[in-house]
Structures are given as structure tokens and as C-alpha cells.
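Subject: Structure for you to look at

Dear colleague,

I am passing on the structure we talked about, and below it you will find notes on what turned up in it. Please have the model open while you read.

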Amino acid sequence: TENNTEGFPHSLVELLDGFKASKTLFTASKLGVFDVLSDTGLTLNEVAIRIKASVLGTEKLLDAAVSIGLLHKLKCEDKLVYRNTEQTKQYLVSDSPLSLHAYILHCNDMIWPLFNHLESAVREGTNQHEKAFGKKSENVFQDVYLKKAEMVMCFMNAMHSIAKVTGRDVATAFDLSRFKTACDVGGCTGAMAYEFTKAHPDLSVIVFDLPAVIELRSHFQPIEQAGRVSFVAGDFFKDDLPKADLYILARILHDWSDEKVHELLSKLSKTCTPGCGLLLSEILLDEERTRPSRALLQALSMSEGRQRNTTEYSNLMRKHGFSPVHTQYTDNLLDAMLFVKDDQA
Ligand code: SAM
């Protein structure tokens with residue numbers, strides 16, 4: 001929306017307060033507010049007891065949450081009670097099927113500290129993991145997220161929650177009926193792979209990810225396991241990739257510099273035979289690199305990675321013999337592009 005140049009700068013004030021609203025959401029999630037409210041409405045005192053917090057602090061948090069549309073506050077038999085909204089029930093209660101809870105905790109614990117050091121990140125052009133977490137990191141996955149078992153679980157939970165919300169739209173973006181085997185490169189918990197097998201009854205998917213991730217996969221397997229999803233542990237920069245006729249790269253390339261992307265694509269190009277598919281799923285920037293802001297805001301805390309538009313992705317792919325065939329903008333968190341390996345490259 002355009003800024004109002006006459007009159008009061010409402011949109012600017014909203015931006016000024018944006019961090020307070022985000023932190024209200026993060027803190028309410030972390031303290032379990034939406035979980036204790038999930039069934040019925042509760043009074044302030046009841047919430048404070050259940051989340052083990054002060055009444056004074058809880059009142060401020062709940063009222064702030066009401067003001068930004070996360071909760072209802074209503075009169076019920078002469079008492080004021082707080083209740084989850086329909087959207088809160090669906091996306092913020094931690095055990096709801098499409099819960100964003102784990103991703104919100106990831107934003108609070110892993111992303112927020114990086115934004116505290118945004119000024120130095122901009123000045124220095126480097127990631128701020130050392131300032132934020134006391135660890136120097138060349139590779140955020142190996143040095144930060146996957147260093148300790150409980151961190152791996154938190155990271156996997158966060159990726160799993162986004163993949164569950166976005167997976168169906170990515171899996172159904174294109175007609176993939178001619179592919180029988182897929183490899184989800186950096187496929188994490190398998191959430192995306194399960195969506196692909198659900199959407200394509202003849203497709204089997206191999207999830208390839210680092211050993212620390214693959215080791216914990218059983219925590220994330222759906223009860224009605226399809227049997228067409230399997231897992232292989234390895235490093236996509238060092239090890240051979242499993243053979244498949246479709247390779248999926250979902251939320252992988254944005255984490256890496258052009259140089260690293262070339263390294264990975266060159267390996268994929270050698271593994272792929274002509275006609276092999278490559279399905280890329282990322283937030284796609286517009287040509288001028290001005291939208292969507294979600295992608296550009298995310299880039300501020302990225303290490304060596306970079307957000308790209310369809311031209312930039314196509315240019316990277318063409319260098320390795322992959323031609324773009326379709327692009328699908330979803331109304332969800334991730335868009336998708338389908339490439340096919342050329343006859344001679
Ligand atoms: N594709 C998943 C999705 O869209 O939900 C997960 C995306 S997550 C941002 C990146 C994934 O790449 C993580 O699961 C991480 O463990 C994996 N990864 C990072 N470096 C890797 C490497 N060198 N070899 C294999 N997997 C790697």
C-alpha cells in the first residue's frame with residue numbers, strides 16, 4: 001500500500017510497532033497461551049496460573065494479543081474471559097495439524113537474536129551467528145542448527161511446520177505424472193515428500209539430508225505412512241545423490257551463494273539424464289527485486305544466501321543444462337518452478 005503523504009503516516013506507525021506485535025505473538029506462543037486456551041475461554045487469573053506467569057504481566061500480554069487479533073476477550077456470565085480465535089485454533093495451538101507453533105519458536109529463538117545485530121550485519125556483510133549465539137559459523141546448518149540434538153529437533157520441527165502448510169500447493173503445482181522416482185534434496189523430515197506421494201500416487205520419494213537430520217526422522221513420520229517415502233543420509237556438497245527422475249529443491253538454494261549453488265547444480269547435472277525434472281520451490285522475487293517483502297525481510301538474517309527472481313534462477317539452471325518449463329506462483333509461502341534437463345549439456 002502507498003504511504004499517505006498528506007495526513008497521518010499510519011503505515012509508518014504500524015511499521016514502528018511491528019516488532020512489538022511479532023514479539024507478542026512469539027511470547028504468547030512460547031508461554032503456551034494458545035494451548036491453555038484451546039478448549040474454553042479462561043479468565044485472566046486462570047491463564048496466569050496455567051502459564052505460570054504473573055497476573056500483571058499476563059494481563060498485558062493477553063490484552064496486547066487481543067488488540068492484534070490473536071485472541072477474543074468477551075463477557076461470559078459476568079466474567080471477562082479470553083478465548084482463541086478460529087485462526088489461532090488452526091495455526092497457533094501447538095498440536096493442531098497445521099500449527100505454525102514450532103516455526104514461531106524458531107523465529108523467536110534463532111531469528112530474532114540475529115535481527116538484534118542487523119546493523120553490524122549490514123556494515124560487515126557477514127552473518128551474525130557469533131554475536132548472537134557465541135559461535136562462529138561458516139555453515140549455519142552444521143555449526144548452529146545441527147550442533148546439539150535438541151537444536152536439531154527444534155530446527156526440524158520448524159521446517160516441518162512450514163512444509164506441512166506449504167507442501168500441498170508445491171506438490172500439486174505441476175503435472176508430474178511422467179516421473180516415477182523423486183529425490184527431495186535437503187528434504188528434512190519428509191513432510192514435503194509425503195505431500196508429493198499423496199498428490200502423485202505413482203511417485204516414490206527419497207529424502208536426502210544430513211545424517212543428524214535423517215537420524216531423527218522417525219519423530220515426524222505420519223501414522224498412515226505411505227511406504228513410498230524412504231530416507232538417505234549424506235551431504236549434498238560431498239556425497240553422491242540417489243538416482244531419480246525428478247529432483248526437488250525446496251527452500252535450499254536461497255541459503256547458498258551463487259558459487260555454492262553452481263557446485264550443487266553441477267553435481268545434479270551430472271546425476272541427471274536428459275528429460276529428468278528439477279522442481280525448485282522458493283519465494284520468487286519479481287523482476288525488479290522489490291516484492292514480496294517477506295522474501296526480502298527474510299534475506300536480512302540469511303548468512304551467505306540470497307533471494308532470487310525467476311530470471312536469476314533460470315540463468316543459474318541454464319548453465320547446468322536445465323531449461324525452465326513452468327512457473328507457478330502460489331498464494332502460499334512458497335512458489336515453484338519446474339525445469340527439465342536438456343538433451344545434450
Ligand atoms: N526442503 C525442506 C523444506 O522445504 O521444508 C527443508 C528446507 S531447510 C531450509 C534446508 C535443509 O537442507 C535442511 O533440512 C538441512 O538439514 C538441509 N541441508 C543443509 N545442508 C545440507 C547438506 N550439505 N547436505 C544435505 N542436506 C543439507
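Which residues in H10 meet which residues in H11? His160, Ala163, Lys164, Gly167, Arg168, Val170 and Ala171 of H10 meet Ala191, Met192, Glu195, Phe196 and Ala199 of H11, where a contact means that the C-beta atoms of two residues, placed from the backbone, lie within 7 Å.

Before the rest, two points of bookkeeping. This is a predicted model, in which local features need pLDDT of at least 70 and side-chain atom pairs count only at pLDDT 80 or more, whereas totals for chains, interfaces and linings use all residues. Residues are numbered from 1 along each chain as its sequence is written.

**The chain as a whole**

The secondary structure of the protein chain comes to 15 helices and nine strands; these are DSSP runs numbered from the N terminus, with helices (H or I) of at least four residues and strands (E) of at least two. Along the principal axes, the C-alpha atoms fill a box of roughly 75 × 50 × 40 Å. The radius of gyration of the protein chain is 22 Å, which agrees with the value near 20 Å that a compact globule of 345 residues would have; the radius is taken over C-alpha atoms, and the globule rule is 2.2 Å times the number of residues to the power 0.38. Of the 345 residues, 36% count as buried, a class that requires 20 or more other C-beta atoms within 10 Å of the residue's own, while exposed residues have 12 or fewer and partly exposed ones fall in between, with C-beta atoms placed from the backbone. Among the contacts in the protein chain with a separation of 6 or more, 61% come from residues 24 or more positions apart.

Two packed helices are described by the angle between their axes and the distance between the axes. The axes here are lines fitted to C-alpha atoms, for helices over the stretch in contact, and the angles run from 0 to 180 degrees between N-to-C directions.

To return to the pair in my question, the axes of H10 (residues 149-171) and H11 (residues 191-199) come within 8 Å and cross at roughly 30°. H10 and H11 are therefore roughly parallel, since angles under 35 degrees count as roughly parallel, over 145 as roughly antiparallel, 65 to 115 as roughly perpendicular and the rest as oblique.

H6 passes H10 in a left-handed crossing. The contact has seven nonpolar, five polar and no charged residues.

H6 (residues 101-115) has a further partner in H1 (residues 10-30), with axes that come within 9 Å and cross at roughly 120°, which makes H1 oblique to H6. This crossing is left-handed, and the contact is made by Leu25, Phe26, Ser29 and Lys30 of H1 and His101, Ile104, Leu105, Cys107 and Asn108 of H6. Aspartate 109 is likewise in H6, and its C-alpha atom is separated by 9.8 Å from that of lysine 30, which is 79 residues away along the chain.

**Backbone points to check**

Most residues other than glycine have a negative phi, and most peptide bonds are trans. Lysine 52, in the loop between H3 (44-50) and H4 (55-67), has a positive phi of about 55°, and with 9 C-beta neighbours inside 10 Å it counts as exposed. Aspartate 78, in the loop between strands E1 (71-76) and E2 (79-84), has a phi near 70° and is also exposed, with 5 C-beta neighbours inside 10 Å. A cis peptide bond, with omega about -10°, joins arginine 291 and proline 292, and proline 292 lies in the loop between strand E7 (277-282) and helix H14 (293-299).

Definitions and conventions. Left-handed = near helix turned anticlockwise from the far one by under 90°. Nonpolar A, V, L, I, M, F, W, Y, C, P; charged D, E, K, R; others polar.
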